[in-house]
2 protein chains.
Amino acid sequence: MARSHATMSYRDIKQVVLERIQTGIWLPDSLLPSEMELATEFSSTRTTVNRALRELAEEGYLERKRRAGTRVLNSPIRKANFSIPLIHDEIAATGATYRYSLVERSLQTAPSWLSARLSLKKDQDVLYVRCMHYANNAAFQFEVRWIVPEVVPEVIDESFEQSGPNDWLVRKIPFTNLELSFMATKADSEIADFLDAPVGDPIFTAERITWLRGAAVTYAKLYFAPGYRMTTHL
Amino acid sequence: MARSHATMSYRDIKQVVLERIQTGIWLPDSLLPSEMELATEFSSTRTTVNRALRELAEEGYLERKRRAGTRVLNSPIRKANFSIPLIHDEIAATGATYRYSLVERSLQTAPSWLSARLSLKKDQDVLYVRCMHYANNAAFQFEVRWIVPEVVPEVIDESFEQSGPNDWLVRKIPFTNLELSFMATKADSEIADFLDAPVGDPIFTAERITWLRGAAVTYAKLYFAPGYRMTTHL
DNA sequence: CTGTTATTTATGTCTATATATATGGCTATT
DNA sequence: AATAGCCATATATATAGACATAAATAACAG
């Protein structure tokens with residue numbers, strides 16, 4: 001809360017502005033007073049008001065345009081923030097014990113669909129890794145991944161027997177670009193087997209492609225155990 | 001691009017710092033020079049450097065602590081931003097034509113699971129709405145929704161025959177809080193029927209609970225047509 | 001040696017001011 | 001009536017300096 005009558009911080013201003021939006025004092029599509037006017041009202045400075053409004057705009061509440069002013073957005077195109085934690089962090093956060101297990105690791109020629117998806121050269125070698133992640137010894141996630149050794153040559157020396165490729169990649173590659181998709185897939189016999197689920201069960205699935213300066217590094221498909229929910233609050 | 005040799009903007013500084021992280025000049029866990037030192041190096045001011053570093057920290061690249069300094073994060077816990085558009089915007093963005101169709105609208109006593117989930121009073125009345133969203137006349141999403149009239153009394157006068165409850169709610173309620181979950185479910189005969197999919201097909205499903213100043217406004221379950229993918233880039 | 005206190009330091013934030021830039025609206029021109 | 005050019009204005013960003021605050025370190029007391 002703001003100090004009795006002293007100057008308001010940018011947080012206080014954010015709070016007040018947000019309340020005025022949420023209580024309908026400032027209706028959607030309406031124009032806010034200019035930064036100068038608000039600075040006067042809050043006996044603050046334009047710089048401070050600017051920061052408050054800028055952050056509210058980043059959070060999706062306001063739209064700001066030079067000369068045109070700041071207006072309240074009507075359709076809250078608010079951004080859901082899903083943080084993408086390392087899987088052992090995600091599991092540890094629930095209090096469960098994390099366990100990793102390698103299923104397969106082999107060098108193979110990239111299948112054509114992968115070459116197309118990652119824009120690889122024809123018949124390029126890729127490292128194929130399959131592994132399991134467990135929470136309290138229950139199946140949590142089945143990971144199927146391809147890694148392009150041409151982009152990360154060091155991967156050839158990695159056995160991935162003790163820890164998963166994601167851990168290694170995150171430490172090794174400061175990825176520059178990422179495409180992330182979520183979908184629902186049907187458990188085939190292999191996935192069902194690994195995830196201890198009936199064949200045909202709906203499986204929450206993530207697909208992840210990582211690029212390093214324009215070149216595809218890795219493609220991963222992550223199959224979550226039945227019952228998995230990805231949740232966010234905002 | 002930076003002006004030849006003049007002062008660097010906070011964007012330029014962000015860019016340079018990010019490059020130094022991504023090229024390994026500043027390794028994970030290592031400490032960056034202080035804001036003062038960087039300000040000197042970039043012939044800028046501490047305020048400007050501060051903004052650059054602050055934003056990089058928000059984006060998940062850096063960790064900053066008073067007195068302790070700024071260090072490079074080893075696991076970039078980057079945030080995936082999924083914007084939550086209105087469904088007709090989402091469909092229009094693909095170039096398809098949006099069509100809406102009401103399936104059912106009825107006032108009923110809240111089922112006990114819903115009461116528990118939304119912390120409703122016992123035997124409270126809720127408006128039950130089921131509707132379909134089509135893209136180019138193909139099933140896109142089947143929506144099942146409960147709305148609490150006690151929180152939004154005006155909903156009683158809404159027929160939802162021409163447009164969906166989401167549109168109406170977004171315009172009417174400046175929601176204060178939102179819980180959003182994604183999961184994979186199995187199409188039962190009803191869902192399969194509406195989405196024109198085989199029974200048992202995996203269905204990408206969203207669950208959404210909206211609160212207005214502590215009171216639950218609406219609970220929605222959104223079943224997407226087979227093949228739906230939620231994608232983001234970062 | 002241990003626990004407490006004081007000091008130092010890097011970040012956090014605010015103030016005051018100045019310049020830059022986009023753009024809505026006005027005006028003059030075609 | 002449409003268009004091009006100009007101007008006023010609100011936001012965008014930069015600067016310089018100050019005080020606030022958290023936390024690592026050093027100094028100190030028991």
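This is a predicted model: local features need pLDDT of at least 70, side-chain atom pairs count only at pLDDT 80 or more; totals for chains, interfaces and linings use all residues.

Visitor: How many residues does each chain bring to the contact?
Guide: Chain A puts in 48 residues, and chain B puts in 48 residues.

Visitor: And what area gets buried between chain B and chain A?
Guide: About 4,200 Å², with carbon and sulfur atoms giving 54% of that.

Visitor: OK, charges next. How many salt bridges are there between chain B and chain A?
Guide: The count is 4 salt bridges. One of the pairs is B:Glu207 with A:Arg229, where the closest N and O atoms sit 2.6 Å apart.

Visitor: What about polar contacts between the chains?
Guide: There are 11 residue pairs in polar contact between chain B and chain A, counting pairs with both residues at pLDDT 80 or more.

Visitor: Which elements of chain B supply at least two residues to the side touching chain A?
Guide: Two helices, helix 1 (10–22) and helix 3 (46–58), plus strand 3 (79–83), strand 7 (177–186), strand 8 (202–212) and strand 10 (230–233).

Visitor: Which one gives the most?
Guide: Strand 7 of chain B, with 10 residues on the side that touches chain A.

Visitor: How do the residues on that side of chain B divide by type?
Guide: They split into 21 nonpolar, 14 polar and 13 charged.

Visitor: Switching to strands: in what sense do strand 7 of chain A and strand 10 of chain B pair, parallel or antiparallel?
Guide: Antiparallel, over 4 bridges, and strand 7 of chain A covers residues 177–186. Within that topic, A:Glu179 has B:His233, in strand 10 of chain B, as its bridge partner.

Note on methods. Residues are numbered from 1 along each chain as its sequence is written. Chains are lettered from A and ligands numbered from 1 in the order in which they are written. Side-chain values use heavy atoms; hydrogens and water are left out. Contact means heavy atoms within 4.5 Å. Buried area is the accessible area (1.4 Å probe) that two parts lose on being put together, summed over both. A salt bridge is a side-chain nitrogen of Lys or Arg within 4 Å of a carboxyl oxygen of Asp or Glu. A polar contact is a pair of N or O atoms within 3.5 Å; within protein, one must be able to donate a hydrogen and the other to accept it, and residues adjacent in sequence count only if both atoms are side-chain atoms. Ala, Val, Leu, Ile, Met, Phe, Trp, Tyr, Cys and Pro count as nonpolar, Asp, Glu, Lys and Arg as charged, and the others, Gly among them, as polar. Two strands pair if DSSP finds at least two bridges between them.
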